Amino acid sequence: MRKTKFNDGFIPITDDFMFCTVMEDRDRCKEFLQRVLKIEISEIEVVTSQKSIRRRIKSRGVRLDIYVKDTDGNSYDIEMQTAYEPFLAKRTRYYHSEMDGYLLRKGVDFEKLGKNIVIFICTFDPFGLGESIYTFESCCVNHAELRLGDGVSSVFLNINGDNECIDNNLTNVLEYLRTGKTTDDFTRGLHQEVMKYNNDRDWRDNQVTLEMKYRMKYRMGFDDGAKQGQEQARRDIITKLLLKGFSTAEISEIVECDEEEVKKLSSTK
């Protein structure tokens, strides 16, 4: 394997690729979902990380960090969100749509559609009210107590929330995500996995390279027509690679651009 240079900084669980790797374990993912949603899940049938869903050739695709399906037909998407995004709610809406469309395409009838739950783990407060968890479901505007019952839920975790009105199980998870401090068997298990992959040089080398390739192709491949956005995405990726210690030649290969472009940006840092 070709070794890639990068800074030997600790990769926390809030790194999306680390999170996806750790959560690929069914039992671990099941316990995480149960703690967040305060439900009992009979059994998880599918756990897939970095799952691509593209229902139509010309449609915008979506890549889910963690896609989960349980034996009762319910679908879950878990996303790690470390940067503020003003249109996060609309992205959630699109994810719900694509998840249902994916199941319907596979032959599931409307009446057999299970719950559709999208969870964003945010390292910031997405709504500015200090809550640790925000849960949205459809209800009647005229009668708030009247629920639509469509099975669609959008959940936003704020790891910096006040932890009021949540139980110890979720508090322990948020504490670990925020500080890395383990407070129970589950978070200790998470940390053991994080440490295992941090100490695995091959995994670190491979994941850093895959991360950059994925981000570049995803952000530029699905944003056709947004030239300014594409150029900014390219600069962002090059900058991150430079900070990780990649060489000019390696960056040029990953980003698929001329080395002079990398050198020019490097000289401004």
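A nonpolar core is a set of buried Ala, Val, Leu, Ile, Met, Phe, Trp, Tyr and Cys residues joined through side-chain atoms within 4.5 Å. The views below are taken from a predicted model.

**View A. Residues with the most contacts in the largest nonpolar core.** This core holds 37 residues. Those that touch the most other members are Phe-19, Cys-29, Phe-32, Leu-33, Ile-66 and Ile-121. Beyond residues up to four places away in sequence, Cys-29 touches Met-23, Ile-44, Val-47, Ile-66, Val-68 and Ile-78. Another core, of 14 residues, lies apart from the largest one; Ile-53, Met-99, Phe-120 and Cys-122 are among its members.

**View B. Crossing of helices H1 and H2.** The axis of H1 (residues 16–23) comes within 7 Å of the axis of H2 (residues 26–37), and the two cross at roughly 110°. Angles of 65 to 115 degrees count as roughly perpendicular, and H1 and H2 are therefore roughly perpendicular to each other. H1 contributes Phe-19, Val-22 and Met-23 to the contact, and H2 contributes Arg-28, Cys-29 and Phe-32. Sorted by class, the contact has five nonpolar residues, one charged residue and no polar ones.

**View C. Helix H4 and its surroundings.** H4 (residues 168–179) has twelve residues and spans 16 Å from its first C-alpha to its last, close to the 16 Å expected at 1.5 Å a residue. Its buried residues include Leu-170, Val-173, Leu-174, Glu-175, Tyr-176 and Leu-177. Thr-171 and Asn-172 of H4 are also buried. The helices that the buried residues of H4 pack against are H2 and H5 (185–198). The strands they pack against are S3 (75–81), S4 (116–122), S5 (133–137) and S6 (152–158).

Note on methods
Residues are numbered from 1 along each chain as its sequence is written. This is a predicted model: local features need pLDDT of at least 70, side-chain atom pairs count only at pLDDT 80 or more; totals for chains, interfaces and linings use all residues. Side-chain values use heavy atoms; hydrogens and water are left out. Axes are lines fitted to C-alpha atoms, for helices over the stretch in contact, and angles run from 0 to 180 degrees between N-to-C directions. Helices (H or I, at least four residues) and strands (E, at least two) are DSSP runs, numbered from the N terminus. Angles under 35 degrees count as roughly parallel, over 145 as roughly antiparallel, 65 to 115 as roughly perpendicular and the rest as oblique. Contact means heavy atoms within 4.5 Å. Ala, Val, Leu, Ile, Met, Phe, Trp, Tyr, Cys and Pro count as nonpolar, Asp, Glu, Lys and Arg as charged, and the others, Gly among them, as polar. Buried means under 20% relative accessible area, exposed over 50%, partly exposed in between (1.4 Å probe, protein chains only). The expected span of a helix is 1.5 Å times one less than its number of residues.
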